[in-house]
Amino acid sequence: MVKFGNLKRNYLSIKDEINEAVMRVLEKGWFVLGEEGTKFEEEFSNFCGKEFGVGVNSGTDALKLALKAINIQQGDEVITVPNTAIPTVMAIIEAGAKPVFVDVGEDYLIDVSKIENAITPKTKAIMPVHLYGQVCEMKTILRIAERNNLKVIEDCAQAHGAEYKGKRVPIGNIGCFSFYPSKNLGAYGEGGMIITNEEKVCEKLKLLRNYGQSSRYDAKILGLNSRLDEVQAAILRVKLKHLEGWNEQRRKYAQKYNQNLNEIIKIPKENLFNKHVYHLYVIALKNRKEIMENLKREGIDTGIHYPIPLHLQEAFNYLNYKAGDFPVAEKNSKEILSLPIFPELEESEISEVCEKLNGVLQSYL
Ligand SMILES: Cc1ncc(COP(=O)(O)O)c(C=O)c1O
């Protein structure tokens with residue numbers, strides 16, 4: 001049996017370090033907004049090559065609060081893609097704005113040639129999603145944003161440590177991360193962070209996440225409760241030390257898949273200048289449903305990221321999109337299949353997935 005993920009293996013591989021970090025917090029007896037959180041904000045923003053980090057409760061909150069921090073308001077439009085995780089769009093809506101979709105390219109990332117057509121007088125920001133662990137074509141996106149006076153907030157939830165032209169995400173001034181347990185850098189619970197070079201954005205985020213308070217019982221703006229707790233921050237500090245090694249392991253396994261899968265399978269395309277960190281290893285093939293079922297019978301777990309493009313989700317009917325509006329995203333959603341990829345997999349398990357998938361494919365050739 002090859003599982004799609006195995007967080008227990010991850011814990012066991014760093015058990016002593018994690019136990020020590022958790023005990024340190026418990027024995028100190030300070031659980032929210034303390035030293036661990038501040039240190040992790042410093043360490044992770046350094047890792048990303050940016051000045052500030054603001055820890056929050058989730059990746060969704062990171063996106064929502066980042067939008068609020070740049071003054072996105074009711075009626076504003078934010079451009080993003082229809083093939084991303086649901087929370088990208090929920091965050092835009094929660095911030096009061098309207099999501100406007102742009103189709104993706106063969107690399108599953110925003111098709112930059114289509115962005116300018118989607119800009120209206122109401123557009124305030126672009127939210128590119130570095131999906132599966134690969135960075136979007138940021139040079140063009142930042143140029144379009146500058147030309148049209150738009151902000152850019154990068155959804156980096158799947159791209160911790162991913163690079164574009166030698167630089168780690170976020171490439172622009174604001175990027176949002178999720179530390180959901182299965183992410184490349186995952187907590188043992190919920191967590192998120194906004195990384196930025198803009199001091200004003202950082203200051204506003206620190207108010208927003210803590211009831212709008214500048215100090216205890218003194219609220220300056222409307223805010224809410226979205227804080228990264230000390231236990232999660234201490235765990236993430238331990239895991240951050242391993243992130244580069246884990247990302248390398250993911251890249252090694254992606255290479256192994258690339259080299260060993262039958263060539264009729266569309267393998268992920270790593271764009272020039274990019275360092276993909278393979279949060280997911282996504283292939284595309286015909287007859288996906290049957291192949292997925294056959295693999296399951298053979299003991300191989302797979303996933304689909306994502307089966308329903310967001311413009312066709314019931315919750316977003318009110319946006320009035322219809323089938324056919326985003327043909328590439330729609331075609332991809334019918335053909336993509338995510339294979340197991342995580343650092344604690346054994347090399348023999350990657351071989352097993354290749355052999356079984358190539359075997360199952362024989363009946364469709
Ligand atoms: C692309 C993307 N954006 C946003 C999120 C939201 O993160 P969280 O689950 O931490 O709220 C996720 C994770 O599920 C994601 O994959």
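## Basis of the description

The model is predicted: local features need pLDDT of at least 70, side-chain atom pairs count only at pLDDT 80 or more, and totals for chains, interfaces and linings use all residues. Residues are numbered from 1 along each chain as its sequence is written.

## Overall architecture

The chain has 12 helices and 15 strands; helices (H or I, at least four residues) and strands (E, at least two) are DSSP runs, numbered from the N terminus. The chain's radius of gyration is 21 Å, close to the 21 Å that the globule rule gives for 365 residues, so it is as compact as a globular protein of that length. That radius is taken over C-alpha atoms, and the globule rule is 2.2 Å times the number of residues to the power 0.38. The C-alpha trace spans about 70 × 55 × 35 Å along its principal axes.

Of the 365 residues in the chain, 45% are buried. A residue is buried if 20 or more other C-beta atoms lie within 10 Å of its own, exposed if 12 or fewer, and partly exposed in between, with C-beta atoms placed from the backbone. Among contacts between residues at least 6 apart in sequence, 71% join residues at least 24 apart; a contact requires that the C-beta atoms of two residues, placed from the backbone, lie within 7 Å.

## The ligand shell

The ligand is surrounded by 14 residues, of which the closest are Ser58, Gly59, Thr60, Ala157 and Ser178. At least two residues of the shell come from helix 4 (59-69), and at least two from helix 5 (86-94).

By residue class, the shell comprises five nonpolar, eight polar and one charged. Here Ala, Val, Leu, Ile, Met, Phe, Trp, Tyr, Cys and Pro count as nonpolar, Asp, Glu, Lys and Arg as charged, and the others, Gly among them, as polar.

## Sheets and strand pairing

Strands of a sheet pair through backbone hydrogen bonds, either parallel or antiparallel. Two strands are taken to pair if DSSP finds at least two bridges between them. Strand 4 (residues 123-126) runs parallel to strand 5 and is joined to it by two bridges, with isoleucine 126 opposite valine 152.

Another open sheet contains three strands in the order 8-7-13, with antiparallel pairing. Strand 8 (167-168) and strand 13 (274-275) are the edge strands, and each pairs on one side only. Two bridges link strand 7 (residues 163-164) to strand 8 in the antiparallel sense, and tyrosine 164 stands opposite lysine 167.

## Strand 1

Strand 1 (residues 52-56) is largely enclosed by the rest of the structure, because five of its five residues are buried. In a regular strand the side chains alternate between the two faces of the sheet. Phe52, Val54 and Val56 point one way from strand 1, whereas Gly53 and Gly55 point the other way. Strand 1 pairs with strand 10 (residues 192-196) in the antiparallel sense over five bridges, and valine 54 stands opposite isoleucine 194.

## Helix 2 and local backbone features

Helix 2 (residues 15-28) has 14 residues and reaches 20 Å from its first C-alpha to its last, close to the 20 Å expected at 1.5 Å a residue; the expected span is 1.5 Å times one less than the number of residues. Glycine 29, with a positive phi near 80°, follows helix 2.

Most residues other than glycine have a negative phi, and most peptide bonds are trans. Tyrosine 211 has a positive phi of about 60° although it is not a glycine, and is found in the loop between helix 8 (199-208) and strand 11 (213-215). Tyrosine 211 counts as partly exposed because it has 17 C-beta neighbours inside 10 Å. Asparagine 287 has a positive phi near 55° and lies in the loop between strand 14 (281-284) and helix 10. With 13 C-beta neighbours inside 10 Å, asparagine 287 also counts as partly exposed.

The peptide bond from valine 169 to proline 170 is cis, with omega near 0°; proline 170 belongs to the loop between strand 8 and strand 9 (174-178). The bond from histidine 305 to tyrosine 306 is cis as well, with omega near 15°, and tyrosine 306 is in the loop between helix 10 (288-297) and helix 11 (327-335).

Key: Near = placed C-beta within 6 Å.
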